[in-house]
Amino acid sequence: MSALPLVFDAPRRGTPPRHLADLTRDEARAAVAELGQPAFRADQLARHYYRGVTDPAQMTDLPAAVRGTLTEALLPGLLTPVRHQEADGGRTRKTLWRLHDGALVESVLMRYPDRATVCISSQAGCGMACPFCATGQQGLTRNLSAAEIIGQAVEAAAAMANGDVAGGPGRLSNVVFMGMGEPLANYPRVRKTLDALLAPSPHGLGLSQRSVTVSTVGLVPAIRRLTDEGLNVTLAVSLHAPDDELRDTLVPINTRWKVGEVVDAADAYARRTGRRYSVEYALIRDVNDQPFRADLLGKLLAGKLAHVNLIPLNPTPGSKWDASPLPAQREFVARLRAAGVATTVRDTRGQDIDGACGQLAAADSVSVPSVAVPVPALEPPVELGAESDQ
Ligand code: SAH
């Protein structure tokens, strides 16, 4: 658990091949026209892509002679599945993807009775160096392109539609940026991804704003930028400590933007959108789970449009830290609620496949016996009470 440096600038590696999902609708139409085809073919291709169809044989509304050319030029395969792992009776499915340059990322699809959520990665690795997070301990390999991020959601939507997840065919309803990486450190591509997630067919997945969650360590200028975009997606802030002294060590970016500044930026987002933000707090035994810290957090958030999502720590390899025991968790929840702060405890999906929050560390080594990989787990389920708005 050595202290890693904070890294903001992703190393430059070869750019992935051009893909329809990186282009605006006008750019896509121009690209199709350059290939000698009428511009409306861009819409046809997009409709196929966002439905998970990339096999030219299935694109029966396109002339057979041009299907191959258009697909090759605009729908290159960017994500090659290395393996799928299932947990929770098949309702959680983690996929390890290989990218064009060999970089590895993971995404986790979680089906609940009332929704299906995919947790996607925005970077290969992460430069934020949080010592309790497996991805943070890997360092940053590179930013993902928009199409590489969007592709993870498209694949999840297709897996749901095809009935690849236990429970029969269904619909992908939620996307959370809680996989590998710090989404706001890859802002332009994440911004493009948001457009694609929200755009109606044929140029997107048509998800609702509230069912898309961007989670950040607290890059304050980027939160402000997001606030100015006019979007209403759900914002989650990974706080993990109510005081700067401890947060400096748990979330090293805190040495640059302090707890107060992060909460102010999230408050401004909530004021502009009218939507509650989520405060993520991994409960780490004897590190940040003391009753006095619950009280400090309660004081910090009382009266704000915020909701606390507690995550019992998912241990990562080599970590000396552990999850808080149940009685400590209950006490923490009780104190926050007594302060009037809406609080839930997050379900830990996929722990046995290292697919829970903070466990994503994409690896593809045969010497690693079962797994590898990523992160998140988001949302709800084990609600020790009240609501959850995700
Ligand atoms: N970089 C973004 C998104 C990725 S992580 C962020 O930090 O918000 C998604 C969530 O999982 C974050 O709240 C993160 O702090 C949390 N997390 C990381 N490692 C964890 C672990 N070992 N146990 C529980 N939660 C963890």
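Analyst: Let's start with Lys94, which sits in strand β2 (residues 92-98). Strands here are DSSP runs of E at least two residues long, numbered from the N terminus. A quick word on the source: this is a predicted model, where local features need pLDDT of at least 70 and side-chain atom pairs count only at pLDDT 80 or more, while totals for chains, interfaces and linings use all residues. Residues are numbered from 1 along each chain as its sequence is written, and side-chain values use heavy atoms, with hydrogens and water left out.

So, is Lys94 buried or exposed? Lys94 counts as buried because its relative accessibility is 1%; buried means under 20% relative accessible area, exposed over 50% and partly exposed in between, using a 1.4 Å probe and protein chains only. The Lys94 side chain has a polar contact with the side chain of Glu106, at 3.4 Å. That term covers a pair of N or O atoms within 3.5 Å; within protein, one must be able to donate a hydrogen and the other to accept it, and residues adjacent in sequence count only if both atoms are side-chain atoms.

Now the neighbours. Two strands pair if DSSP finds at least two bridges between them. On one hand, β1 and β2 run antiparallel and are joined by seven bridges, with Glu86 opposite Arg93 in β2. Four residues lie between the strands of that hairpin, where Asp88 takes a positive phi near 50°.

On the other hand, β2 pairs with strand β3 (residues 104-112), also in the antiparallel sense and over seven bridges. Glu106 turns up again here, as the bridge partner of Leu96 in β3. This hairpin has five residues between the strands, and Gly102 takes a positive phi near 95°.

Zooming out, β2 belongs to an open sheet of 10 strands with mixed pairing, in the order β1-β2-β3-β4-β7-β8-β9-β10-β11-β12. The edges are β1 (80-87) and β12 (342-345), each with a single partner strand, so one side of each has no neighbour in the sheet. Further along that order, strand β4 (residues 115-119) and strand β7 (residues 174-177) run parallel and are joined by three bridges. Within that pair, Val118 has Val175 in β7 as its bridge partner.
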